[in-house]
Structures are given as structure tokens and as C-alpha cells.
Amino acid sequence: MGAPAIHMRWLHLLFLHWRLPAEVVQATLPAGLTVDTHDDMAWVGLVPFTMPLLRHRWWPRGVNLPRITEFHECNVRTYVRRNGEPGVWFYSLDAGSPINVWGARAVWNLPYYRARIRIVRINDQIEYTVQRRARSLDGRSPVLGTTWEIGDPLPPSEPGTLEHFLTERYVMFMQKRDGSFRRGRIEHQPWPLREATILELEDDLVAAAGFRDLDHMPIAHAADPIDVRAWAPEPC
């Protein structure tokens, strides 16, 4: 695959997932993607995290600029297959860095939005808030406010388990304006997952993606920091 285009480090990460009928999620996907399921159910995820180090292949070593090489991000996603290959499909990605929002939209064809994002960590509790700048929900700007407590480490997830299905994803699919698809590959060690307890959750981002009136609490997993390498998109 050649040299990776981006080196990143992800931390303060939370996986929130809601179970949905497969046909509900399939109806939101473009032609060419098939919803991926676990025990015949589809899943929609909300994933807030922070990225303290993002270094492009062409970025000088040792040079870090706030809000360019360091920023927070939150995505809404589901899990799909294209020609049998499993991957992630993003409905939205909110980020606090204007230049990275512009670059990801231009280069990666990903639906990034500018947002004000704040994170506060006190011991094992993390408070994370998102205020999207664009209005897309009944004329309002979608928001996220959540607080979680990080729990004990979980054993490595095994293939076939729900935890593995939801977290061990190494391909993201993107669709260009002409309808063609591209994929971006990432590489990292298996997720060091932990238990997580949701203490507060007020979310508009999943509703803004088209999934309203969810009548059950999501399952939650926290994760320890992880280093990630990503490759430039390629046709698929």
C-alpha cells in the first residue's frame, strides 16, 4: 500500500451503539453498499474522541499547530459491505479544526462539519460536548452532550463477538459526486477496550443523520489511547 499518508493518535474515545433493523439502515445507504449485520441486526454508532497528534506525510516533524495537528472529533457511522468487503460508512463527522474539515471534504470525500467541541476529564470521568455550526435539524444546530465514566479493561475482542464487529474496522468507504466509491484503509493494534458507564447523554447528531426516536439506551465501550496510520483513498 506504500507509505501511510497520515499518522494519528486517538484518545478519550467512546463507542456508543444503537441496534436497529437492517432494513431501516439499508434505506439510508447509497446504491453500491449493503448494510453489515450481527445476529441479523444493524448498528449505528456515535464515536467522540480527541486527536492530539495528526501528522501528514508531508508535515515537518516537531511542528504542531493548535486546531490543525490537535483537535477533537465526533462521528456518526454504520457498518457496511461493498463487494463483500466490510467497512465503515459515515453519516457525519464533526471536528473543531476548520482546515481539517476543509481538507477531509476535499480529499477524502467525507461529510465533515465544523463544530465547537469541548472536553473535560476529571479522573475517570469525561465530559464531551459538541455544537455543530451548521443548522440541519429542524432549523437548529445539532448538539451532543455526554458524560461517561471509564471502567475496567475488557479482554481482547474475538472474531464473531459483537465487540469485534463494532470496533475492529479497518476500511472506510466514501462516495464521490460522480457516484463512484473510494476506500481509505487504516491500521492499528486491536482496540484496548474498557467498560464504560454513561452518566449523561443528550444527543442530536444521530437524529440529524436520520435516526430519530431511538427507544433504547446505547451500549457503551471506552478505549485506551491508540496509534493509527491511514492511507490515501483509492478506487474500489
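Two strands count as paired here if DSSP finds at least two bridges between them. Strands (E, at least two residues) and helices (H or I, at least four) are DSSP runs, numbered from the N terminus. You are looking at a predicted model, where local features need pLDDT of at least 70 and side-chain atom pairs count only at pLDDT 80 or more, while totals for chains, interfaces and linings use all residues. Residues are numbered from 1 along each chain as its sequence is written, and side-chain values use heavy atoms, with hydrogens and water left out.

**Stop one: the strands.** Select residues 125-132 and 143-153. These are strands E8 and E9, joined by seven bridges in the antiparallel sense. Look for Val 130, which has Leu 144 of E9 opposite.

**Stop two: Ile 150.** Stay on E9, where Ile 150 sits, and find Ala 196 of E12 opposite Ile 150. Is Ile 150 buried or exposed? It is buried, because its relative accessibility is 16%, and buried means under 20% relative accessible area (exposed is over 50%, partly exposed in between; 1.4 Å probe, protein chains only). Show its contacts, meaning heavy atoms within 4.5 Å. Leaving aside residues up to four places away in sequence, Ile 150 touches Arg 121, Asp 124, Ile 126, Arg 194, Glu 195 and Ala 222. Take Glu 195: it is 45 residues from Ile 150 in sequence, yet the C-alpha atoms are 6.3 Å apart.

**Stop three: Ser 157.** Move on to the loop between E9 and helix H3 (162-167), which holds Ser 157. Ser 157 also counts as buried, with 16% relative accessibility. Its contacts, again without residues up to four places away in sequence, are Glu 163, His 164, Thr 167 and Glu 168.

**Stop four: the rings.** How many aromatic pairs does the structure hold? Six. Rings of Phe, Tyr and Trp (its six-membered ring) pair if their centres lie within 6.5 Å; planes under 30 degrees apart are stacked, over 60 edge-to-face, and the rest tilted. Select Trp 10 and Phe 49: this pair is tilted, 5.4 Å centre to centre with 50° between the planes. Trp 10 lies in strand E1 (residues 6-11) and Phe 49 in strand E4 (residues 41-56), so the pair ties together parts 39 residues apart in sequence. Phe 49 is buried, at 4% relative accessibility. Trp 10 also pairs with Trp 191, this time stacked, at 6.1 Å centre to centre and 20° between the planes. Trp 191 is in the loop between strand E11 (181-187) and E12, so its pair with Trp 10 in E1 links parts 181 residues apart in sequence. Both Trp 10 and Trp 191 are buried.

**Last stop: charges over rings.** The rule here is NZ of Lys or CZ of Arg within 6 Å of the ring centre and within 35 degrees of the ring normal. Select Arg 132 and Tyr 113: the charged end of Arg 132 sits over the Tyr 113 ring, 4.1 Å from its centre. Then try Arg 169, which lies over the face of Phe 165 at 4.5 Å from the ring centre.
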